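Reader: I would like to go through this model in short steps. Please show it to me, and I will ask as we go.

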Amino acid sequence: MAKQKSNSKTDILQTLVSHVERNHLEKLIFKLAKKDPETKRECLEFLKKHAKPGNEPQTESEIIFTIWNELEPDLSDLDEYGGGDYGLVDQVDELLYELADRLKKNKISQKDRSRLLDEVFHYIKSGNAGMDDTLYDVAYASCHDAQDWRELAKRFEELGDDWPLGHARDIYRKIGDHEKYLSLRLKQMKHGGDYHDLATFYWENGEKEKAIQLAREGLEKGEGRKDELRAFLSARVKTKNRKEYLDLQFDQAMDPLSLKSYVGFKNICKEEEWNIYEPKFLSALDKAWDEERLKIYLHRKEYDQAIQLFEKKRYPLKTYDGGTFLKVATQLEEKYPEKILRFYQSGLGNLNSNHERSVYADQAQVALKIRNLWINVIKKPDQWKTFAKEIKVNNLNKPAFQQEFAKMIPDWKEI
């Protein structure tokens, strides 16, 4: 029978602890806590859990700064070198997330919150650590009252760059400092999102006509994405100006044009309205992505236009946009077998070059489609055998090629 391991060491530790005076245990705790921030935090967490109530804010403040001291050396390295390996980035990100979470859940003194912001803003200002999102989260989590928010907005404003100025504007708007918000907002009116932001501000503050006029101005002058502006304005003119509403919805459907937006717009039109807008859609189809054009052609049963897209498209191997064309190709095999055959054959690539086994496996999958088309649709199995035999003979010196094709093609060994 195996002997049980002795727990004498644990017993000795328990015995020693029970026989040591309190001042010596305190010295041990202080000594361990000084070793590194992580150990200090463990000590603080344990003592906070078991101590009498009364010192929670001070204790929590010390824990928060201990977390900061734990992560700051690594954050400093990331800032100095402009990033680091994934392990280090994840570790710092995790500690910053924990820090933000504790700040949200536990109130520490305003003085300590401001002191922590001083530390955090050194890295926000630098912006070189690659931790901007989480650092901003910590900065926001440190705000518990209007004074905190105003101090944070002022700090962002002093940085002067567009991104922190945007945060400053949002904070001033949030705390109701309309004068400060407007002074910053009116200095930056370039993009569609800028006009949308100000239009919603005016609307929420009762200046509705001003909001609508600004939204219209933004659609004319604003640069970049305007979908929010169009949605804002169309919701407010829907029952008042049918023509303006439909024009806005048409522009929204065109940005970008897709089968979903095409069908969605058609569904809100009366028959006579659709007769006006349908030609506009068709004249703009060449601006849509090929995949969406293909879907629209199929939806409209315009198969001749759909097959023309295949004539300039290569069979997609391991590409993000291949699904639509491959799915539609199977639907058009019966109607346009020769053109779909040429599309499939383009997927074989250069059969005279050496490749990795994975490429041969992809080529074999394409060859299977070609085989099925020749045998089951075109009904010319002899042409498949002639085609396949030439491929097989030309690649006899590639064992990996032959193995992958034999796995995929049912009659490969007999050819």
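Reader: Which residues form one aromatic cluster?

Author: The model is predicted: local features need pLDDT of at least 70, side-chain atom pairs count only at pLDDT 80 or more, and totals for chains, interfaces and linings use all residues. Residues are numbered from 1 along each chain as its sequence is written, and side-chain values use heavy atoms, with hydrogens and water left out. Rings of Phe, Tyr and Trp (its six-membered ring) pair if their centres lie within 6.5 Å; planes under 30 degrees apart are stacked, over 60 edge-to-face, and the rest tilted. One aromatic cluster is formed by F250, Y262, F265, W274, Y277 and F281.

Reader: How many aromatic pairs are there by this rule?

Author: A pair of aromatic rings is described by the distance of the centres and the angle of the planes. By the rule for ring centres, the count of aromatic pairs is 27.

Reader: How are the rings of Y140 and F156 arranged: stacked, edge-to-face or tilted?

Author: Their centres are 6.2 Å apart. Their planes stand at 35 degrees, so the pair is tilted.

Reader: Which helices hold Y140 and F156?

Author: Helices (H or I, at least four residues) and strands (E, at least two) are DSSP runs, numbered from the N terminus. The two residues are 16 residues apart, and their pair links distant parts of the chain. Y140 lies in helix α7 (residues 132-141), and F156 in helix α8 (residues 146-159).

Reader: Is F156 buried or exposed?

Author: Buried means under 20% relative accessible area, exposed over 50%, and partly exposed in between (1.4 Å probe, protein chains only). Y140 has 26%, so Y140 is partly exposed. F156 has a relative accessible area of 0%, so F156 is buried.

Reader: At what angle do α7 and α8 pack?

Author: Two packed helices are described by the angle between their axes and the distance between the axes. Axes are lines fitted to C-alpha atoms, for helices over the stretch in contact, and angles run from 0 to 180 degrees between N-to-C directions. The axes of α7 and α8 are 10 Å apart, and the angle is about 145 degrees.

Reader: Which residues of α8 meet α7?

Author: Contact means heavy atoms within 4.5 Å. From α7 come Y136, A139 and Y140. Their partners in α8 are W149, L152 and F156.

Reader: Over which ring does the charged end of K174 sit?

Author: A charge sits over a ring if NZ of Lys or CZ of Arg is within 6 Å of the ring centre and within 35 degrees of the ring normal. The charged end of K174 is 3.7 Å from the ring centre, and the ring is that of W149.

Reader: Which helices do the buried residues of α23 pack against?

Author: In helix α23 (residues 399-408), the buried residues are F401, Q402, E404 and F405. On the other side of α23, P399 and K407 are exposed. The buried residues pack against α21 (357-377) and α22.

Reader: How many helices are there in the protein?

Author: Of its 415 residues, 40% count as buried. The protein has zero strands, and its helices number 23.
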